Amino acid sequence: LMFCLAATAYVSAMGNGFCLDDTGILFDNQFVADLAWANLWTTNYWQGVTGNTGGLYRPLSLTLITVERWLFGEAAALYHVVSILLQSLAAGGLVAIARRGGSEPASAWLAGALLCVHPAATEVVNAVVGTADLLVFLTGMTGASILVAGQRTRTALLGAVLIAIAALFKESAAVFAGGAIVALLLHDRRRSLLLASVAALALPVVLRVAITGHLDPGGIGFLDNPLAFADTITRWLNAPSLVLRYLFLVVFPWPLSADHSYDAIPVIDTGNVLGWLPPLLVCLSLIPLLWLMSRRSRHAALWGGTGVATMALATHAVIPVGTMYAERLAYPLLAGGCIGAAVLMTQLRRFGGGWLRWSVICVCLLFLLGLTRDRTRSWQDDGTLFASALRVRGGSARVHYGWGLWQQQQGQHAAALDSYQQALRIHPRYPDALYNQGAALLRLGRTVEALASYEAATRARPGHVQGLFAVAAIKEALGAVDASVAYLEVLQHRPGHVEAARGAARCLAAQGDSAAAEVILQRVFAGSAQSEWRRLTQP
């Protein structure tokens, strides 16, 4: 039943391609492309793409994606089948967990049905990399439920192991360990269960350090999360407003966007009391409700604790995460909300009989199903996704950039240039927008302006190798006397850059400094330096 509901909601995903991070992880990741299984476990999530160490550690997610790449190649529909299957399994798991927690069969099944068709899950299901969120929920929440209800030490250990496994899919599994600890502290303070919960929280961290030697969170871009660059008080005062955004996403999930980066959600300044005080008061008013709910049963406490932990993580109250706001981060909160909504709807029989209950349930399911099907069509490719995001988040620099990049890939360079300029009006020091603006200007024959844009990109991101090389190549084409200096700057940041070495040697040879040119070729090409020199000096 859950699979039929999920398939009905996401049937149009069969015709969709890859969007957002899918291309980078699936096709630009050298470890995934080379089936380098060992590297998947000894490096961070993005290292196979960027080459940078540190950051996210999700070896099980990368392993699954690599298996999919090996089996499916570029057949996007098959990846989406896996995501739909996992969504239906997550819904089935929610039914089982709700029943274990004492919910009536009707409420439990309705909770699973709501999770299947709820639009807030569309980012998780439609993005191939969203399988990490589905798997971390399946394993993490199942483990937490087993741990909290466990009567024997062996059972508790099984739950702790499942939570630890979930953390290898995604770091956010910590929220399930946190929920289990809250439930046990309120209802069952046996040391063995509490120790198992703490071990589930700590073991993945120890394993990560032991295998990779890194625990640092990696760099967070200002565009992705400006709160990461704010002081702690500003982060805390912004947290309540973000909590309300996530709650609203669960209650009324529309409209949705592909991006919520810089200025799509403005940072509330500490001096703006009317900006942060009302959300804070609303969140404080929810505390008694959470307390009463958590005191009812250990499973209610588990869901309450998990929800609070999810919000503490997603709203940067504990530490800044990689994005200011993202629909995918609300998946555990959504699952708990589905149980609550299901209980409320099944209780409607007390007021108007079965006809009222079934009318509300049918209308609600059909309404959510329609929104999900409509949203899934927006995930056809990056073009449709960013076009829909522009209608919702026109103030987001990254949305304008993403739309411009798509237009540029379609050969619409003038339209792409306009989109990049829109992005730069919002965030003038946006390095990627400056770099790609230079590429669009170059395509349009506006070489001098392109050079200025590339130079601005290198100022906005010092050490931007692609930008530095573009500056050097244009200067050489324009006959600038400092072209060799520009190429040498590229080599300072990337000593093995072959084309920069050739360019520097060409410029130095043209200036009559053959000795310096040969030194550069020798440094980069070693044994083949002489053949490179002969090719360079041939008429």
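In this predicted model, helix α8 (residues 105-117) packs against helix α18 (residues 331-346) at an angle of about 135°, and their axes lie 8 Å apart. That angle makes α8 oblique to α18, and the crossing of the two helices is right-handed. On the α8 side, the contact is formed by A106, S107, L110, A111, L114 and L115. These meet a set of residues in α18 that includes Y331, L334, C338, I339, V343 and M345. By class, the residues of the contact of α8 with α18 comprise 14 nonpolar, two polar and no charged.

Helix α1 (residues 2-9) has M2, A6 and A9 as buried residues. Because these residues cover an arc of only 65° around the axis, they are placed on the same side of α1.

Most residues other than glycine have a negative phi, and most peptide bonds are trans.

| Residue | Phi | Loop | Relative accessible area |
|---|---|---|---|
| L35 | about 50° | between α3 (30-33) and α4 (37-42) | 30% |

L35 is partly exposed, because its relative accessible area of 30% falls between the limits of 20% and 50%.

The peptide bond from W254 to P255 is cis, with omega near 0°. P255 is located in the loop between α14 (232-251) and α15 (273-285).

Terms used. Residues are numbered from 1 along each chain as its sequence is written. This is a predicted model: local features need pLDDT of at least 70, side-chain atom pairs count only at pLDDT 80 or more; totals for chains, interfaces and linings use all residues. Side-chain values use heavy atoms; hydrogens and water are left out. Axes are lines fitted to C-alpha atoms, for helices over the stretch in contact, and angles run from 0 to 180 degrees between N-to-C directions. Helices (H or I, at least four residues) and strands (E, at least two) are DSSP runs, numbered from the N terminus. Angles under 35 degrees count as roughly parallel, over 145 as roughly antiparallel, 65 to 115 as roughly perpendicular and the rest as oblique. A crossing is left-handed if the near helix is turned anticlockwise from the far one by less than a right angle, and right-handed if clockwise. Contact means heavy atoms within 4.5 Å. Ala, Val, Leu, Ile, Met, Phe, Trp, Tyr, Cys and Pro count as nonpolar, Asp, Glu, Lys and Arg as charged, and the others, Gly among them, as polar. Buried means under 20% relative accessible area, exposed over 50%, partly exposed in between (1.4 Å probe, protein chains only). The arc is that of the directions from the helix axis to the C-beta atoms.
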